[in-house]
Amino acid sequence: MKNKMSIMQFGSYPQSEVKDSALISVLNNTAGQLPTRLNHAKWTDYGYYVSSEIASYMWYIDLVIDNHAYRGVYSKSYRPSANSFRSYSVTKTSSHPDCYQKDHGYTIDHVYWFKYEPITWRVLDVQSGKAFIMASLVLDSQNFHSSTTKRTINGITVNANNYKESYIRAWLNHDFYNVAFNSLEKDRIKTTFVDNSPVSTGNTMNPHECADTYDKVFLLSYAEFMSNTYRLKANTPNCFLASDYAKSQGVYPSSSGYSWWWLRSPDSSYNDYARVVLNADVIDSSDVDRTYYGVVPALWISL
């Protein structure tokens, strides 16, 4: 049966920035030595790209203080920007003096802390004891893929906007999945058949379609976003605010206050473009290597 739009909480992810100076002092002392390119200390390298190669310049650390989890973020450079229009791309160089992270107030050579908080989800559908849910915030900012060039995988040419072989699909089902959910929550997440056919992209034919996938976590397709079943209603707008943590990763700050976010569908005209949502009902396409589009995960769970 179909369910009216509602919300629920499930899993957790770093979201709100910690502002309490006493707590920040405790967290900084517990984290200890700051990371460098040659010595990460107790921190983990994000593995973000600069000029098409993984470079050590941004790290995170997860700590638990008084039964509350926090993530620290520290960087020596800003995420890559391409030019004066600040079109962030993993194929470009880093440390642009005016960037989206800086626009949000996050500067280099400074540790910022974010509290792990329950993820709030929009319930888009309920069927046979399971629910289709979609995050109610832009939770992170990631590129769709790390290159705009074609690749050869097992003897087959793969386009840069191939969702099956994309960076963002791997990130959702490994990095995000393992951070956001504990073992009991993972048991409730269903492995979902993810339709990547031309129809899912909004076309009867799409030369850049990819094979269907089976995933725990995924992005909405163009067709799902536009369908009557999953269409976000006027009282729950298609606009998404970004978490503080997503802002620290460089998500785009539009003039409306809402962020832009990825769909999984490839553009039908360009093999290095994927579809994105720009405020409310405006759908566009963008280079897959852009890092400033938000991530709004979706999944099916048992009730």
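This is a predicted model: local features need pLDDT of at least 70, side-chain atom pairs count only at pLDDT 80 or more; totals for chains, interfaces and linings use all residues.
Me: What makes Asp20 a cap for α1?
Reply: A side-chain oxygen of Asp20 lies 3.2 Å from the backbone nitrogen of Ala22, at the N-terminal end of the helix.

Me: Which residues of α1 are buried, and which are exposed?
Reply: In α1, residues 21–31, the buried ones include Leu23, Leu27 and Ala31. They span an arc of only 70 degrees around the axis, so they sit on the same side of α1. In general, an α-helix has 3.6 residues a turn, so residues three or four places apart point the same way. Ser21, Ala22 and Asn29 are exposed on the other side of α1.

Me: What covers the buried residues of α1?
Reply: The cover includes β5 (58–65), β6 (68–75) and β7 (112–127).

Me: Now for another spot: why is Asn206 called buried?
Reply: Its relative accessible area is 4%. Buried means under 20%, so Asn206 counts as buried.

Me: Where is Asn206 found, and what does it touch?
Reply: Asn206 is in the loop between β12 (192–194) and β13 (213–215). Leaving out residues up to four places away in sequence, Asn206 touches Pro198, Thr201, Pro266, Asp267 and Ser268.

Me: How far apart are the C-alpha atoms of Asn206 and Pro266?
Reply: They are separated by 8.3 Å, though the two residues are 60 residues apart along the chain.

Note on methods
Residues are numbered from 1 along each chain as its sequence is written. Side-chain values use heavy atoms; hydrogens and water are left out. Helices (H or I, at least four residues) and strands (E, at least two) are DSSP runs, numbered from the N terminus. Buried means under 20% relative accessible area, exposed over 50%, partly exposed in between (1.4 Å probe, protein chains only). Contact means heavy atoms within 4.5 Å. The arc is that of the directions from the helix axis to the C-beta atoms. A polar contact is a pair of N or O atoms within 3.5 Å; within protein, one must be able to donate a hydrogen and the other to accept it, and residues adjacent in sequence count only if both atoms are side-chain atoms.
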